[in-house]
Amino acid sequence: MSKEKGAENVQLGTYGTIKGAKDFLAITVKNEAFAMEAVGYQFENLILYATDMGLGTVWLAATFSRKDFENIMKISNDDLFPCICPIGYPAEKRSFVEKIMRASLGSKNRKAWNKLFYLNDFNQALSEIDAGKFEIALEMLRLAPSSTNAQPWAVVKEGDNIHFFCNYKNNISDDMKKIKHLDLGIALSHFHQTAMSEGLDGKFEIQNIDFSTPKNMHYVMSYSSK
């Protein structure tokens, strides 16, 4: 998305986090089941494609003005508008502000395997060896970006099934829950793109989970590969 003809004076607000951007990717979705996972999955696929083309991208969720973008986009009142992404050729060097933001958010840090991946239930950590054919796909999921680098997901491998959970406390706001599920959608994109590149022929589906789960773990879906 770029500014339409006749909207040259419209200032797209990103609260000072982005400078010089004229083109943006944007996405809206109806507020229904799995909406945020779908947004995270599809939008990350698009961003990965743009990145592969050598373009610079960055997810923006809370750091943009919805009202400013509504001035040049057709957005219904009942549409969720969770994120945008400026797109273009990145500067050769990171600005001082960007360096500070990346450091404060711990952008390079990722949780260890034993904090994210489990075998059969939540009582035993999953090792890289036990991950088997899913090892590389899970590693790419582990490295996926998320809001404030929180990585609000967990995975249980049960045979040829990979169960995905969203990890958050029940008393957080609905808006925060949506962000957590969007983050999981981003991670699912990384997992699925890698799985397909590895030749895995699986599918996402809803399964009946018959093991106990911690109260903060919310089952979302499973990936089944026979």
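Ring pairs join Tyr118, Phe122, Phe165, Phe211 and Tyr219 into a cluster; rings of Phe, Tyr and Trp (its six-membered ring) pair if their centres lie within 6.5 Å, and planes under 30 degrees apart count as stacked, over 60 as edge-to-face and the rest as tilted. The model is predicted, with local features needing pLDDT of at least 70 and side-chain atom pairs pLDDT 80 or more, while totals for chains, interfaces and linings use all residues. Residues are numbered from 1 along each chain as its sequence is written, and side-chain values use heavy atoms, leaving out hydrogens and water.

The structure holds 12 aromatic pairs. Trp113 and Phe117 form an edge-to-face pair, because their ring centres are 4.7 Å apart and their planes lie at 75°. Trp113, at 10% relative accessibility, counts as buried, and Phe117 counts as buried at 0% (buried means under 20% relative accessible area, exposed over 50%, partly exposed in between, with a 1.4 Å probe and protein chains only). Phe165 and Tyr219 are also paired edge-to-face, at 5.6 Å centre to centre and 65° between the planes. This pair links distant parts of the chain, 54 residues apart: Phe165 lies in strand 6 (residues 161–167) and Tyr219 in strand 8 (residues 217–225); strands are DSSP runs (E, at least two residues), numbered from the N terminus. Phe165 is buried at 0% relative accessibility, whereas Tyr219 is partly exposed at 26%.

The mean pLDDT (the predictor's confidence in each residue, from 0 to 100) is 84, and 81% of residues reach 70 or more. Over residues 96–105 the pLDDT is below 50. Where pLDDT is low, the predicted coordinates should not be read in detail.

Technical notes:
Contact means heavy atoms within 4.5 Å. Helices (H or I, at least four residues) and strands (E, at least two) are DSSP runs, numbered from the N terminus.
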